[in-house]
Amino acid sequence: MTHLTMEQLLALRGPGAEPGSAAAAAHLDSCADCRAELDRLHQRVARLKALPALRSPRDRLPQVMARARQERRGRQIRWGGLAGLALAASLALAVGLTGGSTAQPADSGELVAAMAESRLLEQALRELDPSARVTDGHTERMAAALSDRIALVDRQLEAVQLSEVARREQALLRLWQERVGLMDALVNVHLTRASRVGL
Amino acid sequence: MTGATVVNSYLLADADSVVARARAGDPAALERLYRVYESPVYNLARRICRTVEDAEDVQQETFLEVFRSIRKFRGDGSIWGWIRTIAASKALMRLRRNKYRDADELHDEVTATRREETLLRMDLEAALERLSDTARAVVWLHDVEGYTHDEIATMMGKTVSFSKSQLARAHAKLRRWLGEEAAA
């Protein structure tokens, strides 16, 4: 006689009928060995549930509270810093437009559009609030890589404020457009994940 | 303390009020959430992760996430169910990041077979520890925490049949290692 497999025994424990479970249940009625095996399975699970609770050797609350405070401050600084960058870029643009530079200036309309689009994407990301979601490893890695690249672009934007006017405008346009591309990718990563898990 | 005793302690009688205050950023309410759930979160993390250090990190990351996201908790399930899912997800993420031993499932099997020759029986704790990380996580999440195969598959980014087969293989090993075959 062929006895039930472990997978069939486990299926008999679960709720609802699975394909083949009627046949497995019928076999169980006529097979003492399989009934004993199912009983052992029940006992094993009961013993797992009765294992002693393991306790953390240290109190981590002070670290958790400290990090939560630090993160809140970091977020405030980040949003404040971004507003500063946008303001600096706007000022640079205004100076560039009135400065009479001989170098070929970037298209100011494009720059303004890129900055506006970046702001919209920032807003979309804030509304998605990815920090409030549980993400899988792949999403987290992609989001972290994109965030790192955005931070790099932000540093370059800060540095470029010091360069010569026409070059500055071109660099600003390039960097803001790059930032828009990265922000767009980041929003899509979180949107894709959110739609996949039905959030 | 047994698992059953712990389950009773997960109940937070004034959960609604504590969560409402925590949402408003009340540090005393956040501390209360931490104190009520630190042990079950640690226990879950420690049962899934290989080391105390990883379990402590998962515990810390879980509560950071809870504190960050408490305003997003909609209250359509229990607060413990919500915290537990965050903890399970963080623990599984930790396993993926560390890539402990799942790549060497074969190695695990070989080692286990070899050691079985010298150890006729082992206790349940030791047998659970000996399972591969994935198998142990599936056993714990399914048999103890009560997650379905669907939920485990989603959390692990795997299929339902993967979760089922991991559980079946894990039980076959536990049965062998616990010396239950001899009783059969």
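**Note on a predicted two-chain helical model**

1. In chain B, helix α8 (residues 133-144) and helix α10 (residues 160-177) have axes that come within 9 Å and cross at roughly 95°. The model is a predicted one. Angles of 65 to 115 degrees count as roughly perpendicular, and α8(B) and α10(B) are therefore roughly perpendicular to each other. On the side of α8(B), the contact is made by T134(B), A135(B), V138(B), V139(B) and H142(B), and on the side of α10(B) by S163(B), Q166(B), L167(B), R169(B) and A170(B). Sorted by class, the residues of this contact are five nonpolar, four polar and one charged.

2. Helix α10(B) also packs against a helix of the other chain, α1(A), at an angle of about 110° and with the axes 9 Å apart. The two helices, α1(A) and α10(B), are therefore roughly perpendicular to each other. Their crossing is right-handed. From α1(A), the residues that make the contact are M6(A), E7(A) and L10(A); from α10(B), they are K164(B), S165(B), L167(B), A168(B), H171(B) and A172(B). The division by class is five nonpolar, two polar and two charged. The reader may note that L167(B) is named in the contact of α10(B) with α8(B) and also in the contact of α10(B) with α1(A).

3. Helix α1 (residues 6-13) of chain A has a further partner within its own chain. Its axis and that of helix α3 (residues 32-49) of chain A come within 10 Å and cross at roughly 65°. That angle makes α1(A) roughly perpendicular to α3(A). The crossing of α1(A) and α3(A) is right-handed. The contact joins L9(A), L12(A) and R13(A) of α1(A) to E37(A), L38(A) and L41(A) of α3(A). Four of these residues are nonpolar, none is polar and two are charged.

4. How many residues of each chain take part in the contact between chain B and chain A? The contact involves 42 residues of chain B and 35 residues of chain A. On the side of chain B, the elements that give two or more residues are α1 (3-9), α3 (27-48), α4 (52-69), α5 (79-98), α7 (124-130), α8 and α10. Helix α4(B) supplies the largest share, nine residues. By class, this side of chain B divides into 18 nonpolar, twelve polar and twelve charged residues.

5. The secondary structure of each chain may be set out in turn. Chain B has eleven helices and zero strands, and along the sequence its pattern is α-α-α-α-α-α-α-α-α-α-α. Chain A has seven helices and zero strands, and from the N terminus on its elements run α-α-α-α-α-α-α.

6. Burial and contact range are also given for each chain. Chain B has 184 residues, of which 39% count as buried; chain A has 199 residues, of which 22% count as buried. Among the contacts with a separation of 6 or more, residues 24 or more positions apart account for 67% in chain B and for 77% in chain A.

7. In soluble globular proteins, nonpolar side chains tend to be buried together. Which residues have the most contacts inside the largest nonpolar core of this model? They are A45(B), I48(B), I83(B), A87(B), A91(B) and V138(B), in a core of 54 residues. Leaving aside neighbours within four places in sequence, A87(B) is in contact with V41(B), L44(B), A45(B), V58(B) and T62(B). Another core, of 18 residues, lies apart from the largest one and has L172(A), V180(A), L182(A) and V187(A) among its members. V138(B) belongs to the largest core and is also one of the residues in the contact between α8(B) and α10(B).

8. T148(B) and K164(B) are 16 residues apart in sequence, and their C-alpha atoms are 9.7 Å apart in space. K164(B) is one of the residues through which α10(B) contacts α1(A).

9. The place of E117(A) is in helix α5 (residues 108-128) of chain A. E117(A) has 17 other C-beta atoms within 10 Å and is therefore partly exposed. The C-alpha atoms of E117(A) and Q177(A) are separated by 8.9 Å, although the two residues are 60 residues apart along the chain.

How values were computed
Residues numbered from 1 in each chain as written. Chains lettered and ligands numbered in written order. Predicted model: local features only at pLDDT ≥ 70, side-chain atom pairs only at ≥ 80, totals over all residues. Axes fitted to C-alpha atoms, helices over the stretch in contact; angles between N-to-C directions. Helix = DSSP H or I, 4+ residues; strand = E, 2+ residues; numbered from the N terminus. Parallel < 35°, antiparallel > 145°, perpendicular 65-115°, else oblique. Left-handed = near helix turned anticlockwise from the far one by under 90°. Contact = placed C-beta atoms within 7 Å. Nonpolar A, V, L, I, M, F, W, Y, C, P; charged D, E, K, R; others polar. Core = buried A, V, L, I, M, F, W, Y, C linked by C-beta atoms within 7 Å. Buried ≥ 20, exposed ≤ 12 C-beta atoms within 10 Å, placed from the backbone.
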